[in-house]
Amino acid sequence: MHFWPLSSKWRHTYEQDPATICSVVNSTLTNISARLGSSLTVNTIISAIRRREVVHRLYLGDSCLGDSGCVRLFEFLSSPSALHCRNSLTELFLTKNDIGARGLLAVAAFLRNNSILRELCLSGNPLTTDPEVIAEFANALNSSRLCTFQILHTTSLGDPFVRAFVPILSTPYLRQLDMSAINMTRAVVPILADYVKSPRCRLERLQCNANSLTLAGARTVVNAIKEGNYTLWRVNLDDLHMDEHDGGAEMRTIIWQEGLRVLSAAVQRNLEHKVRIRDQSLVLLRCCRALFLRSGGSGAGAFPLVSGYDRNSRSLHPLSPFFHLPVELQLEVISCLAPSLSHQQRMRIVCFAIDIATLPELGYKLDAALGRGRNRENFSRTRRGKRPTSQPLDLEGTWRPPTWWECRCPIEVRANCSCLRRWRQEMRDMWLTLVGCDAYEPAH
């Protein structure tokens, strides 16, 4: 067995990225002894992690880990020795590693309350159909901030996995779910339909192609998206494995084309809503920061009423004439800034904006450079500067890529850096999720 920092598949993208680890296993060795191959693979991966300052991606596909290797790997990742990896690992690929129930439980333990990991691929693994193990994994996923989950090409899962997994799935952060070619049938179509039209679903992409959903089953899912889903903008239900109840070839073509038309209209509607909601939410936040920010904010759900000389105000000047307007007119002005948002969404943004605890902490280096270190300490003791006793808002977990590998671009072109752009987009998405403005809310 040998170890490559990068495989040829990913070299075109991550050739100069020192935060990516990819293992390659000698097939001759694994044919002789799978246990020996698993042990050597894990030892090599752990050694590589120890040597790296930052590990952003682990590509461990087809690495002969098995359950034993998977358990050992995640025991190491949960140990103090791997803290630097745990606080930077955002992409984890474990494709085709013969992972079963024990390995899935190890993954669940690592995933539980994990605010760093964004992408997880378990495709090509037998995993399990045990409802208790699947429920344990689903609950762990719900407690995380995972954005992408893939289990495609795992035909042993089928309907039992979907029945145990999808009804429990409720994380608001999951954006992409790929369950292609896992041997689903029409029997689980009601479960999928209930999920996509429920508030639990915040998916943007759903891949369920190459399953036996049948034409009628796919149309049921499409109708559910049309009637009650405002987040999905990319859906794949192709290769349905038609049965004799789907009619002749001409009839199937007509029905499928009509279904595609309905689906295309629904996802286009959702995409347009998403762009408007996102843009108006950010505009409203900026305006509300200027208008409503106070050291003592009002309670959630209440409109922030303030007097012209609020003693908790951070400003010594009279407030804007805006606050002399009746509350009804204030609400009308706020609604004009974000007309596509519901009243509840606008109020959540206002309540977020008035809370000083949601402001980012000033860095000590910045304070020292500006000569404000002592003033900042004194300010924090005053009533005006005192932050609420609750924990400050955590939008990003503990992860931000270090500058030395995140961006090596010159300052004049740094605005186009893909790494920085991705990180900022993730922060915006997490804030939109936090205030419930990541999707359109229809008026009730």
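Trainee: Is Thr231 buried or exposed, and what makes it so?
Mentor: Its relative accessible area is 7%. Buried means under 20%, exposed means over 50%, and partly exposed is in between, with a 1.4 Å probe and protein chains only. So Thr231 is buried, at 7%. Keep in mind that this is a predicted model: local features need pLDDT of at least 70, side-chain atom pairs count only at pLDDT 80 or more, and totals for chains, interfaces and linings use all residues. Residues are numbered from 1 along each chain as its sequence is written, and side-chain values use heavy atoms, with hydrogens and water left out.

Trainee: Where does Thr231 sit?
Mentor: In the loop between H10 and strand S9 (234-236). Helices (H or I, at least four residues) and strands (E, at least two) are DSSP runs, numbered from the N terminus.

Trainee: Which residues is Thr231 in contact with?
Mentor: Contact means heavy atoms within 4.5 Å. Leaving aside neighbours within four places in sequence, the list is Cys201, Arg202, Leu203, Glu204, Asn270 and Ala439. A polar atom of the Thr231 side chain lies 2.6 Å from the backbone oxygen of Leu203.

Trainee: What makes the pair His56 and Thr90 a polar contact?
Mentor: A polar contact is a pair of N or O atoms within 3.5 Å; within protein, one must be able to donate a hydrogen and the other to accept it, and residues adjacent in sequence count only if both atoms are side-chain atoms. The side chains of His56 and Thr90 make theirs at 2.4 Å. His56 is in the loop between H3 and S3. His56 is buried, at 3% relative accessible area.

Trainee: Why is the pair Glu91 and Arg57 called a salt bridge?
Mentor: A salt bridge is a side-chain nitrogen of Lys or Arg within 4 Å of a carboxyl oxygen of Asp or Glu. Here the closest N and O atoms are 3.3 Å apart, so the pair qualifies. Glu91 lies in strand S4 (residues 91-93) and Arg57 in strand S3 (residues 57-59), so the bridge ties together parts 34 residues apart in sequence. Glu91 is buried at 4%. Arg57 is buried at 6%.

Trainee: How many salt bridges does the whole structure have?
Mentor: A search finds nine. One of them joins Arg112 and Glu136, at 2.4 Å between the closest N and O atoms. That pair links distant parts of the chain, 24 residues apart, with Glu136 in helix H7 (residues 131-142).

Trainee: Why are Arg112 and Glu136 called partly exposed?
Mentor: Arg112 has 34% and Glu136 has 36%.

Trainee: What links Glu204 and Lys274?
Mentor: A salt bridge, 2.6 Å from N to O. Shared partners join Arg175, Arg202, Glu204, Lys274 and Asp438 into one network.

Trainee: What makes a nonpolar core, and how many residues has the largest?
Mentor: A nonpolar core is a set of buried Ala, Val, Leu, Ile, Met, Phe, Trp, Tyr and Cys residues joined through side-chain atoms within 4.5 Å. The largest has 78 residues, and those with the most contacts inside it are Leu120, Phe137, Phe149 and Phe165. A second, separate core of 20 residues includes Leu284, Ile349, Ala353 and Ile354. In soluble globular proteins, nonpolar side chains tend to be buried together.
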